[in-house]
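Thanks for coming, everyone. Let me put the model up, and then I'll walk you through it.

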Amino acid sequence: MASLIPSFFGSRKTNVFDPFSLDIWDPFEGLLSSTLANVPASTGETSAFVNARIDWKETPEAHVFKADLPGLKKEEVKVEVEEGRILQISGERSKEPEGKNDKWHRIERSSGKFLRRFRLPGNAKMDQVKASIENGVLTVTIPKAEEKKAEVKAIEISG
């Protein structure tokens, strides 16, 4: 994943396996700039679900994000836009309550908080963001502004 490329410059420690150390992927900034915000993970418990897998594709009409969030209801997920064309997707999966007489043999499903942030390009219409969740897949669609084609004007040459 491109969002897991570590920052080679600056004093901030990064960890390829800790998505919180690299939470804003900005493909539109300078090639070697380190503009990634650092959001510390609060506990080891949160790191299990923190790596929500998100795909970002650009079509001629829109930027489309798809996140696999199995078992989460729309009330447990937040999609926000911030100043500076930042899209933030966050949420939390609660631990399953333990009964007094329950005996766990294996716990493989993850729980905890997740937070992913993406800086969008200037052509994203941030006031028209739409989100839906169906069958555990969150889809966020941000329409693109039409590219204005450069107008070519012939210049008369005097002389």
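Start with N135, which is found in the loop between β7 (130-134) and β8 (137-143). This is a predicted model, by the way. Most residues other than glycine have a negative phi. Is N135 buried or exposed? N135 is exposed, at 76% relative accessible area.

Now the other loop. R85 sits between β4 (77-82) and β5 (86-93). Its phi is near 60 degrees, again positive in a residue other than glycine. R85 is partly exposed, though: its relative accessible area is 33%. That value falls between the 20% and 50% cut-offs.

Let me step back to the whole chain. How many helices and strands does it have? Zero helices, eight strands. Read from the N terminus, the elements go β-β-β-β-β-β-β-β. The chain has 159 residues, and 31% of them are buried. On contacts: take those between residues at least 6 apart in sequence. Of these, 54% join residues at least 24 apart. The accessible surface is about 11,500 Å², with 50% of that belonging to carbon and sulfur atoms.

On to the aromatics. With ring centres required to lie within 6.5 Å, the count comes to three aromatic pairs. I'll show two of them.

W56 and F118 make an edge-to-face pair. Their centres are 5.9 Å apart, with 75 degrees between the planes. Where do the two residues lie? W56 is in strand β2 (residues 54-58), and F118 is in strand β6 (residues 112-119). So this pair ties together parts that are 62 residues apart in sequence. Both W56 and F118 are buried.

Next, F65 with F118. This pair is tilted: 5.1 Å centre to centre, 50 degrees between the planes. Why tilted? F65 lies in strand β3 (residues 62-68) and F118 in β6, so here the parts tied together are 53 residues apart in sequence.

How accessible is F65? F65 is buried, with a relative accessible area of 0%. F118 comes in at 2%, and it counts as buried because the cut-off is under 20%.

F118 takes part in the pair with W56 and in the pair with F65.

That's my tour. Happy to take questions.

Technical notes
Residues numbered from 1 in each chain as written. Predicted model: local features only at pLDDT ≥ 70, side-chain atom pairs only at ≥ 80, totals over all residues. Heavy atoms only, no water. Phe/Tyr/Trp six-rings, centres within 6.5 Å; stacked < 30°, edge-to-face > 60°. Helix = DSSP H or I, 4+ residues; strand = E, 2+ residues; numbered from the N terminus. Buried < 20%, exposed > 50% of the residue type's maximum accessible area, 1.4 Å probe, protein only. Contact = heavy atoms within 4.5 Å. Areas by Shrake-Rupley, 256 points an atom, 1.4 Å probe, with all protein chains shown as cover.
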